[in-house]
Amino acid sequence: MEIRAEEISALIKKQIQYYQKDTEIKDIGTVIETGDGIAQIYGLNNVLSGELVEFENGTMGLVQSLEEDRVGVVILGSHLSIREGDEVTRTGRIMEVPVGKSLVGRVVNPLGQPIDGKGEIKTRKTRPIEREAPGVMARKSIHEPLQTGLKAIDALVPIGRGQRELIIGDRQTGKTTVAVDTILNQKDQNMYCIYVAIGQKDSTVRATVETFRRHGALDYTIVVNAGASAPAPLQYLAPYAGVAMGEEFMYNGEHALVVYDDLSKQAAAYRELSLLLKRPPGREAFPGDVFYLHSRLLERAAKLNDDLGGGSMTALPFVETQAGDISAYIPTNVISITDGQIFLQSDLFFSGVRPAINPGLSVSRVGGSAQTKAMKKVAGTLRLDLASYRELESFAQFGSDLDKATLQKLNRGKRTIEVLKQGLHKPITMEKQVMIIYALIHGYLDEIPIEDIRRYEGEFYDYLDAAYPQVLRDIRESGEITAEEDMKEAITTFQQQFSRSY
Amino acid sequence: MKNSRNARRYAEALYDVAKEHGHEEQIERELLTVRQVFSAPSELVDFLQDPKQWMNRARIIKSTFTTFSSELVKLILIMVEDHAEQDVPGMVDHYTYLINEKRGIGVGKVYSVTHLTPHQLEDIEAHFAKQFGYNRLALQNEIDESVIGGFKVVINNRVYDASLKAKLEEVKRKFVPLYKR
């Protein structure tokens, strides 16, 4: 956008012509106490909860608690230059963030200000960060798949567009990797991604952004960052800023994916804020409305009906557990809000199962209806097979005298686990996932040594690309298994030329 | 420790009692003296806060405020007993506020760079009384050079800012949108 001098003077001329004295009586207040990013204000009698107020130095504040003779305000920005006795004015507005496509590819803070040094964000559109979630009639059942590119998720806990799927696990179990891989796989999927980093080290966020850039994911991704050094109000606001940006896409009939990494840090920031605002602490010292904090955020993810454009917003909230304890306060809350969870376990992670998804504790309550028919067909029994393998596995450790059927089950189970392993930042397309799982459940891998399975898989994909692209295309385009004979042929011909390592 | 909320509670109670007996205005006049005596730095407050004199507090107050209405003296006794001596000026201010609200008089300040002539002040009072929702305004002129030009009326946490400074701020606000600040 270019600004010319004539345009500006024309604009000012117009303004002079229609200039009206619009000075009004405003409500003001006085700062009586400030510190830790919170200010207590005397006055501001008619202020609304959630309204923006302006301090003398231009810093904005967000009204949080209304008391008899004072209001508690969280300061958005630098609180160092705010002093006792400063005047505070009402603005009559609620907080908004810039939204729209010009934010794509940028890294912004929760106020929508760019922090990536790439200059100004040119957008005139804004959206309020707090907004009512779409109602019952505005929604539609989830039916389109969101391909994560991870075999273990797409086969066992499928995610649909508009779903809210929790990713939960201890620290260092690969939670962020799951989200990053999912975002990387959204390339050319007509999907906008918003990655909200809350309370993370800025260096970690930098590395994640760099991963996005290297894989070309920044072309459709917005990163909202409230780092560990950001004040608690900004960490608390970050998810709401992210969801507002996602809503812009959803209400315009497009698809968005919002990743909140992670909500336990946001809850901790909100706890800090609430305690400073002198709200009574409850369980684990969280305030009473910490459930509402997350429910009103996640309820805004939806699949809209066709009258509203049929857009969707998928939410992938993260929660970090302490030593695998999913019955702590925040995990149970968020589990009950979401449509399922993906549970990542550290002992699986360290035994080499990556992504370390525990198929027993992971569920997707609505994703099944969004799975493609082909995937549903091949992955239908996978979960049960895995469960019975886990059961047998511990049992079989005692003796070697096992009957043939049991041995066969153990064999298949080991191979299943091997197939579900996947390398870092290597998303796999749906049709290839279908092919390998098809080969697995029909016993083609039973004769392949376990050490060879990963190599087999990689070579199999290359072979399919080279020799049977039409089989892949059929599955991709129809979403169904149409030519089973061709699939079998592809597998057997590949099998014949695969060289085992022994 | 000052406690503005408590000060207001005392004032409301006193105002209610005074209204029942119908001498709000007499108490209002007496309170002006009380405010002066209790305003910091106050020898009386220091004396009342001295633990050595605690036994004499009631006697001293009774003998000092002999000519005052009994309700007022009783209230001061109660406040001293509650260790709320420092809240007395706040109590007086709130009482004045309550009685002025009842009368429909808005008490406030008008800030300007130079002294306003009595005529100008009258004009402003007459013009803004309706807008602020009062029958009459009682404004006090204060000099504040930071307003640059024009004037600024402040009455009970509400402000009409017709100063040059506010206009400049407004212009600044229009140039720099909220999310870029």
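A salt bridge is a side-chain nitrogen of Lys or Arg within 4 Å of a carboxyl oxygen of Asp or Glu. Side chains of opposite charge can pair when their charged atoms come close. In the predicted model described here, local features need pLDDT of at least 70, side-chain atom pairs count only at pLDDT 80 or more, and totals for chains, interfaces and linings use all residues. Residues are numbered from 1 along each chain as its sequence is written, chains are lettered from A and ligands numbered from 1 in the order in which they are written, and side-chain values use heavy atoms, with hydrogens and water left out.

Over all chains, a search of the whole structure finds 35 salt bridges. Four of these pairings cross the interface of chain A and chain B. In one salt bridge, the side chain of B:Arg9 meets that of A:Glu68, at 2.8 Å from N to O.

On the side of chain A that touches chain B, two or more residues come from each of β1 (25-35), β2 (38-43), β3 (51-55) and β6 (87-94) of chain A. Strands (E, at least two residues) and helices (H or I, at least four) are DSSP runs, numbered from the N terminus. β1(A) gives the most to this side, with four residues. By class, the side of chain A that touches chain B has nine nonpolar, seven polar and nine charged residues. Here Ala, Val, Leu, Ile, Met, Phe, Trp, Tyr, Cys and Pro count as nonpolar, Asp, Glu, Lys and Arg as charged, and the others, Gly among them, as polar.

The contact (heavy atoms within 4.5 Å) takes 25 residues from chain A and 20 residues from chain B. The size of an interface is often given as the accessible area lost when the parts come together. Buried area is the accessible area (1.4 Å probe) that two parts lose on being put together, summed over both. Between chain A and chain B this area is about 2,300 Å², and carbon and sulfur atoms give 46% of it. A:Thr23, A:Ile25 and A:Ile28 supply 25% of the area that chain A buries against chain B, more than any other three residues.

A cavity is a set of points where a 1.4 Å probe fits but cannot get out; a pocket is an open set with protein on both sides within 12 Å along at least five of seven lines; lining residues have an atom within 4 Å of a point. Grid points are joined across faces, edges and corners, and a volume is the space filled by probe spheres set on the points.

The second largest pocket has a volume of about 520 Å³. Its lining holds 21 residues, and A:Gln172, A:Thr176, A:Gln200, A:Thr204 and A:Asp261 lie nearest the centre. At least two lining residues come from each of α3 (175-184) and α4 (202-214) of chain A. Three residues of this lining are nonpolar, ten are polar and eight are charged. Helix α4 of chain A also holds A:Glu210 and A:Arg206, four residues apart and so separated by about one helical turn. These two residues form a salt bridge, with the closest N and O atoms 3.2 Å apart.

A:Asp261 is joined to A:Asp262 by a cis peptide bond, with omega near -5°. A:Asp262 lies in the loop between β15 (255-261) and α6 (263-276) of chain A. The peptide bond from A:Arg354 to A:Pro355 is also cis, with omega near 0°. A:Pro355 sits in the loop between α9 (346-350) and β18 (363-364) of chain A.

A:Pro355 is also one of the residues that line the largest cavity. That cavity has a volume of about 100 Å³. Its lining has nine nonpolar residues, no polar residues and one charged residue.

Methods: 1 Å grid on protein atoms, 1.4 Å probe; cavity = no way out; pocket = protein on both sides within 12 Å on 5 of 7 lines; lining within 4 Å.
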